[in-house]
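Hi there,

Here is the structure I promised to pass on. Please have a look, and then read my notes below.

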Amino acid sequence: ILGGAPAVWSVAMVFFQTLLLGGYLYAHLSATKLSTRASVLVHLALLAGTTFLLPIAVTTKLGNPPADGEAAWLFAVFALSTGLPFFAVAANGPLLQAWFSRSAATRGLSPYPLYSASNLGSFAALLLYPVLFEPMLDLKSQTVAWSVGFGVLALLIGAAGASVRSAAIERSHSTAVADAAPVTLRQRALWVFFAFVPSGLLVAVTAHISTDVSSGPLLWIIPLSLFLLTFVLIFRDRPLIPHRVFVTLWPVAAAALVFGMTAANLHVGLAVTLHVAAFFIAAMLCHGALYAARPDASHLTEFYLWMSFGGVLGGVFTGLIAPHVFNGIYEYPILIALAFLCLPGALAEPGKMLARIGAPIALAALAALAWPWIEPMAKPFTQKIVMVGVIVVMSAIFLARRTPALAGGLFAGGLAALLVVNTGSDFEHSVRSFFGVNHVVKLEGGAYRAIVHSNTNHGAMRLLNEDGTPATGRPIPVAYYRPGGPYETAISTLRAHQGGRFGRVGITGLGAGGLACHARDGEAWTFFEIDPEVVRIARAPKWFTFLRDCTPDARVILGDARLTLAEEARPFDMLALDAFSSDAIPTHLMTREAFRLYMSKIAEGGALVVHISNRYMELRSVVAAIAHELGLVGVARIEKTPDAIARDPSNLAIGSEIVVLARRTQDRGARTTTPGGEALTPRAGVAAWTDDYSNTLGALWRKER
């Protein structure tokens, strides 16, 4: 409903971290300013008031998302949709632990293990959601079940609060607070920092693996699951794994990350494993330091308040500030370097620490700025320079135990230098928007220029002919859109069926604009594109000339394709769904309601072309189920690029999968719209996705099989 970009998840994380901070502040004030009896009554009143806002649902009061300022719009949507219910739930953890520490029956017991139990519940729920709840229940059923659960929770909290009410307990607690050592400013700063680093890393590693490694669905929940698991393992009287294990492992994990971030063509499974494992070790390291710095239970709610504040700062830095400051996922290596400061003794001498971590980073920054001028002279020695960078980074492993701050600085500086050198002159332009990082790169030794988002090619243009001379004239589409490929064949067949010319053509997803050069004179083409930076790149003649040379009069409509397409008054003779968020098609574009909208915008006798190429999900059976429910007929074609084509530099060929849907068989022009095409038939056990139901785990499983 809100879009499939990784940034939507990042903003959601920041919003809920912020609301968690609000809940912890309320819990702290309630526990310290009110008697236990009053605290219980106020909280029960809050829970009772919240029930009037149930069941939860995504608000429609704010209209469609804006072209700019998506983060603020999402914050407002989340606030109106789930704000108060989540606030009420967020306060439960600290409040219940505070009441637990005051109970006569639990006097002398540490309340901190309850935080471990709470996160164990969150961890289990997060893993069960895609496996159990999402496939079995539609959204309406989920919200009803959640509302019932909320009511049961309120009753249980009331029962817990009823057991902690006596004046004797209040006097005992007041004495304990007075006897406890006061909390210092340094302690609060440490709590904030030790929470800031893993929280920022949580958002950063998620953005990295979703943007630069793989955008496969469900990857987003893996880091969050491990983040919750660290609290389960650490917030105990006796940690299940000694802290010294992660102190030893972290420098090694950081070194492995260097390999993962600089190695070319690393298998996606290995890359994700490296990043996720290193994140887990870093989170265990930082949260172990956080737990070691915990105060007496009498200051419990203040501890959670400052811990939550650090979490919010980490999320805000990574999810909101970094996308506007950096044109790449640079916050990720910065936070990796800061994790070295969670090692024992790293923050003992703040003055020396700043110098040790700052000097190598400053030198690396100067080198990065100077690299465009140095590279032409250094090109023959690039491999040697890379080796020096690797040695510098690896030296951080041996320095980590004695001088962790210097190790962090060397790591950050060395990694930055390696990334700059590895990027080289093939990267001509990088720009970051709310929807991710887009790179303009040269391929095949400069023979092509492409726009790349994550590992996905979103269109390429030939720059040099096979003899090395500059390519001139009308650009010829390559990659997915090359002549003779499934896409071009589908378009040509449909055009021939409609008398040799389309009237109006709609394309959802612009990319570099390669499809534009399949247009013919007299046809009116319209592109729907969500990312304004993609539009700027495609329209800049210094990068790509598809739009200028092939469809100079084409309309380019900015915004979510499903929302903007709904506003189109005139139908299209052909509508092509070619919208990708990195490698994944946004789920809200693949539902029954979305396809019903598409068909309503197609003229009589027209057809819908759906590009469902995907490395991670099998989507053909989903489209087949939707077509069956809507009474549509279809043809599917999977092309696995033959070696002969793949070796041909004139194609830059990429294997693809295309589905063509129409109201009647004759509207497709032929039974097999593309050579070797197969009639689209439903698959047993695969249900159509709707706005109320999807099963991405099933699509992943079918692809693997």
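Are H2 and H6 roughly parallel or roughly antiparallel to each other? H2 and H6 are roughly antiparallel (angles over 145 degrees count as roughly antiparallel, under 35 as roughly parallel). Their axes come within 10 Å and cross at roughly 170°, with H2 covering residues 36-50 and H6 residues 139-162. Helices here are DSSP runs of H or I with at least four residues, numbered from the N terminus, and axes are lines fitted to C-alpha atoms over the stretch in contact, with angles from 0 to 180 degrees between N-to-C directions.

Before going on: this is a predicted model, where local features need pLDDT of at least 70 and side-chain atom pairs count only at pLDDT 80 or more, while totals for chains, interfaces and linings use all residues. Residues are numbered from 1 along each chain as its sequence is written, and side-chain values use heavy atoms, leaving out hydrogens and water.

On the H2 side, Val40, His43, Leu44, Leu47 and Thr50 meet Phe150, Ala154, Ile157, Gly158 and Gly161 of H6 (contact means heavy atoms within 4.5 Å).

H6 also has H4 (residues 92-102) beside it, with axes that come within 10 Å and cross at roughly 25°. H4 and H6 are therefore roughly parallel. Asn92, Leu96 and Trp99 of H4 make the contact with Leu153, Ile157, Ala160 and Gly161 of H6.

One more thing to look at: the peptide bond from Leu54 to Pro55 is cis, with omega near 0°. Pro55 lies in the loop between H2 and H3 (70-90).

Best wishes

Methods
Helix = DSSP H or I, 4+ residues; strand = E, 2+ residues; numbered from the N terminus. Parallel < 35°, antiparallel > 145°, perpendicular 65-115°, else oblique.
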